[in-house]
Amino acid sequence: MRDAAPVSTPLRVLPPNDPRQYDDLAGEWWRPDGAFAMLHWLARARADLVPPASRPDAVLVDLGCGAGLLAPHLAGKGYRHLGVDLTRSALVQAAAHGVTALRADATAVPLAAGCADVVSAGELLEHVPDWRRAVAEACRLLRPGGLLVLDTLNDTVLARLIAVEIGERLPTVPRGIHDPRLFVDARALVAECARHGVALRVRGIRPELGGTLAWLLRRMRSGAADRPVGRTPRIVPTWSRAVLYQGHGVRNG
Ligand SMILES: C[S@@+](CC[C@H](N)C(=O)[O-])C[C@H]1O[C@@H](n2cnc3c(N)ncnc32)[C@H](O)[C@@H]1O
């Protein structure tokens, strides 16, 4: 199946975090320098946290999988990649990239408890009005010893400034995609995971500065975002988790 036709701008003005934005931006998912460019960088960094499968038939459940951007970075690691998302147009693309797609809400996933060796929740929690329920589901799906990996935006003034006021004016993040009222306090997330048996360790991450600046300049000069414009910036650890952070933790039992 082919990806949807590219669109470079939303077709209508929708409220912040309105899920219909993902339909309007359906053609952007797999454009490496398109509106979802930074999701590609983050997917690579998230996949780096996932070790090769330790057993045959291992399952990775990708909550809020979008169009399956994690898939190429998991290649060769030995997982069956099961993607859960609400957006049908994204799931069609995920399926075309080898993901077993399931349309469902991440707060009520119709999968058996303990079915997953790995659960990934990449750039999902800050879009879910009840992120605690999504965390509970992520932990429920994990088998004992299973691994949770995630990244999200912190509930801070700095995150609002950098991710929304600045970030959404750059070509790396679609404007209006975030509702900062949904951002996720890192300490509350760690506590919630602990309540569900997962010892989550978090660290701040950010795009590398020089590479991102070079990328932005090239991207602004090149205009159309239908082809890669040079080296992809890497996501690197940083001392502060006040904006973007990554978490990983193993379920006990
Ligand atoms: C910012 S995108 C991240 C997609 C993907 N994880 C990635 O990093 O490329 C957020 C995704 O979460 C999905 N989403 C938002 N709320 C959801 C919910 N309650 N249940 C399932 N998916 C949801 C959206 O449809 C969208 O595909």
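Reader: Hi! Quick one to start: does Val236 count as buried, exposed or partly exposed, and at what relative accessibility?

Author: Hello! Val236 counts as partly exposed, because its relative accessibility is 24% and the cut-off for buried is under 20%. Keep in mind that this is a predicted model.

Reader: Thanks. Where is Val236 placed, and which residues does Val236 touch?

Author: Val236 is in strand β7, residues 235-238. Not counting residues up to four places away in sequence, Val236 touches Gly204, Ile205, Arg206, Pro207 and Glu208.

Reader: What is the mean pLDDT of the protein chain?

Author: The mean is 92, and 93% of the residues reach 70 or more. Over residues 1-10, though, the pLDDT is below 50, and that stretch has 20 contacts in the model beyond near neighbours in sequence.

Reader: Good to know. On to the ligand: how many residues surround the ligand, and which are the closest?

Author: There are 19 residues around the ligand, and Gly64, Asp85, Thr87, Ala106 and Gly122 are the closest. Sorted by class, the shell has ten nonpolar, five polar and four charged residues.

Reader: Nice. Changing topic, which residues of helix α5 are buried, and what covers them?

Author: In α5, residues 131-141, the buried ones are Trp131, Ala134, Val135, Glu137, Ala138, Cys139 and Leu141. Their cover includes strands β1, β4, β5, β6 and β8 along with helix α7.

Reader: Why would residues three or four places apart in a helix point the same way?

Author: An α-helix has 3.6 residues a turn, so residues with that spacing point the same way. Among the buried residues of α5 you can find Trp131, Ala134 and Ala138.

Reader: And Asn154, buried or exposed?

Author: Asn154 counts as buried, because its relative accessibility is 5%. Asn154 is in the loop between β5 and α6, and its side chain reaches the backbone nitrogen of Ala186 at 3.1 Å. Leaving aside neighbours within four places in sequence, the contacts of Asn154 include Phe183, Asp185, Arg241 and Tyr245.

Reader: What about Gly68, where is that found?

Author: Gly68 is found in the loop between β1 and α3. Gly68 is buried, with a relative accessible area of 0%. Beyond residues up to four places away in sequence, Gly68 touches Trp30, Ala94 and Val99.

Reader: Last one, on backbone angles: what is phi of Asp57, and what is phi of Glu123?

Author: Phi of Asp57 is near 65 degrees, a positive value in a residue other than glycine. Glu123 is not a glycine either, and has a positive phi of about 50 degrees.

Note on methods:
Residues are numbered from 1 along each chain as its sequence is written. This is a predicted model: local features need pLDDT of at least 70, side-chain atom pairs count only at pLDDT 80 or more; totals for chains, interfaces and linings use all residues. Side-chain values use heavy atoms; hydrogens and water are left out. Helices (H or I, at least four residues) and strands (E, at least two) are DSSP runs, numbered from the N terminus. Buried means under 20% relative accessible area, exposed over 50%, partly exposed in between (1.4 Å probe, protein chains only). Contact means heavy atoms within 4.5 Å. A residue is near a molecule or strand if one of its heavy atoms lies within 4 Å of it. Ala, Val, Leu, Ile, Met, Phe, Trp, Tyr, Cys and Pro count as nonpolar, Asp, Glu, Lys and Arg as charged, and the others, Gly among them, as polar. pLDDT is the predictor's confidence in each residue, from 0 to 100. A polar contact is a pair of N or O atoms within 3.5 Å; within protein, one must be able to donate a hydrogen and the other to accept it, and residues adjacent in sequence count only if both atoms are side-chain atoms.
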